[in-house]
Amino acid sequence: MQFSLRLYTLVFVVLALSHVFASPLAHADEVDLRVTAPFINVHSGPASEFPIFHVLSEGEVFTVKKERTGWYKVETKKGIEGWIRAQDLAQTQLVDGTEIQVNNGSFEDYLERTWEISAQGGVIDKTTAISVSGTWVWTKNLAVEATFSQALGNFADNKVWSVRMRQTFFPDWRVSPYLALGTGEIRTKPRSNLVQSGDEVRKSSHYEVGIGAQYYFASQVVVRAEYRGLLALTDRDEQERLDQWMLGVSVFF
Amino acid sequence: MQNNSVKLINEKPLLKVLSSDAYSSAFLSTALFSLFAALAVCLLFSFSGYATANTSAFAQDSDDVQIDPNISRRDIDEFDIDSENIEIGVYAGIISIEDFSSDITAGARLTYHVNENLFIEANYAQATAGETSFEILSGGLPFLTEEQREYIYYDLSVAYNFNGELFLTDSLVFNTDFFIIIGAGATDFGGDERFTANAGVGYRLLVTDYLSVRFDVRDYVFNSDIIGPEKSVHNVVFTLSTSFFF
């Protein structure tokens, strides 16, 4: 019963989301461009493996309809539809003769990013942990980050969430070190076979300090490695320290 | 046995409860290591073509500069061309839960296409576990409560796809891809959450540019002590899904 209720909620949310995101799709712009290169290859799909089935010739005017992973869907005046690379789009101009510039996850785009989404794997005190985070890049040096980590051990499962500020010292470097300070909460739930009463979730707030580096890899991908020291504020006499080591990737927008 | 365990929880500092035994951490660290190795290989493959493509684009740029250094450019982003790199979908299928018979499963996923060969995705799905053979044969004595039979699993995965085309007739052609996927996440079952590694293959068919149908076979592996001593269990999931690009 509960199963079907959750399922329906899930389906409803997905349909609602797809509706919300699909509606601006109809209003998205299309733009007419003229080929300035001797020719541009048109592929049957948005990847270099798809065969070239048509060629746009110099001076030809065509319409750009959408973009996917660095490929642009084009339609010729005769109604032929296909995909061209972003690099080839740079060899075109507007119908009025203005040159165009194509952004495609280059290092320059990386320097001007606003959002990052990361997934990381690693260990918290010898227990395998996975973590996801969302980052708002506020200035070149400062970023605000929300992180959720989960460490599932044999005696307990632990969920850690935190909000933190990240200071990047040399934002223009390809490999760029950073320092982070944050706070959040740790929830620990002992394994059900260890405690008779069952769901005893314990919460304690924590402070954390992080030191790490991120490396602009290519396209929209950034590799990230980090150490976090967590200080848990327990209600006992002594505080507890946890070491967390993580490695993962981020994509930026 | 149970009393000892309770003492362990109470006496040990709260967060030291984290540490796991040698067997499990060896298995999990191997799983995690192979995950990152696979990720690294995927990244290398998918960017191998990128470097050469970039150099030629750069050469073209320097030619432009020689012709007219004061040229005015407009950014293609200004034109609000629809960018469809994200896919949202729902799926349903069959999950075979080790020791607990098979059941219908359903879930949702969010996918981000990093480039033409690489995508990452988040999955959330659930099922309700059936009865063990022991429960059926003994006629009674339920092993788990109804609530504990709720089977929830989620993961973050990365996939490498091999693009292709499907020719149904001479004129009816669909873009497709076959992909290998690997990931990590958790399974909440029998009152506990367990770290879960998964791997599998799938086939995606694009009905239109923005609508796809896909078939997945995935193996979810985790350590479980629900039935006696701890062992690693393999739960195989077959799903059919539909998704929208936006």
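1. Start with B:Tyr151: leaving out residues up to four places away in sequence, B:Tyr151 touches B:Ile97, B:Gln126, B:Ala127, B:Thr128, B:Ala129 and B:Phe189. A contact here means C-beta atoms, placed from the backbone, within 7 Å. This is a predicted model, so local features need pLDDT of at least 70 and side-chain atom pairs count only at pLDDT 80 or more, while totals for chains, interfaces and linings use all residues. Residues are numbered from 1 along each chain as its sequence is written, with chains lettered from A and ligands numbered from 1 in the order in which they are written.

2. B:Tyr151 and B:Ala129 touch the most other members of the largest nonpolar core, which has 46 residues. A core is a set of buried Ala, Val, Leu, Ile, Met, Phe, Trp, Tyr and Cys residues joined through C-beta atoms within 7 Å. Buried means 20 or more other C-beta atoms within 10 Å of the residue's own, exposed 12 or fewer, partly exposed in between, with C-beta atoms placed from the backbone. Strand 6 of chain B (residues 150-167) gives the most to this core, seven residues. Apart from it lies another core, of 16 residues, including A:Phe62 and A:Val102.

3. On to chain A, which has three helices and 16 strands. These are DSSP runs numbered from the N terminus (helices H or I, at least four residues; strands E, at least two). Of its 253 residues, 36% count as buried.

4. The barrel is worth a look: eight strands of chain A close up in the order 9-10-11-12-13-14-15-16, with antiparallel pairing. Pairing requires at least two DSSP bridges between two strands.

5. Strand 9 of chain A (residues 115-124) is mostly covered, with seven of its 10 residues buried. A:Gly121 has A:Ile130 as its bridge partner in strand 10 and stands opposite A:Leu247 in strand 16. In the hairpin of strands 9 and 10, which has two residues between the strands, A:Asp125 takes a positive phi near 45°.

6. Last, B:Arg74, in strand 1 of chain B (residues 73-75). B:Arg74 is partly exposed, because 15 other C-beta atoms lie within 10 Å. B:Arg74 touches A:Leu94, A:Thr98, A:Ile100 and A:Gln101, not counting residues up to four places away in sequence.

Notes: Two residues are in contact if their C-beta atoms, placed from the backbone, lie within 7 Å.
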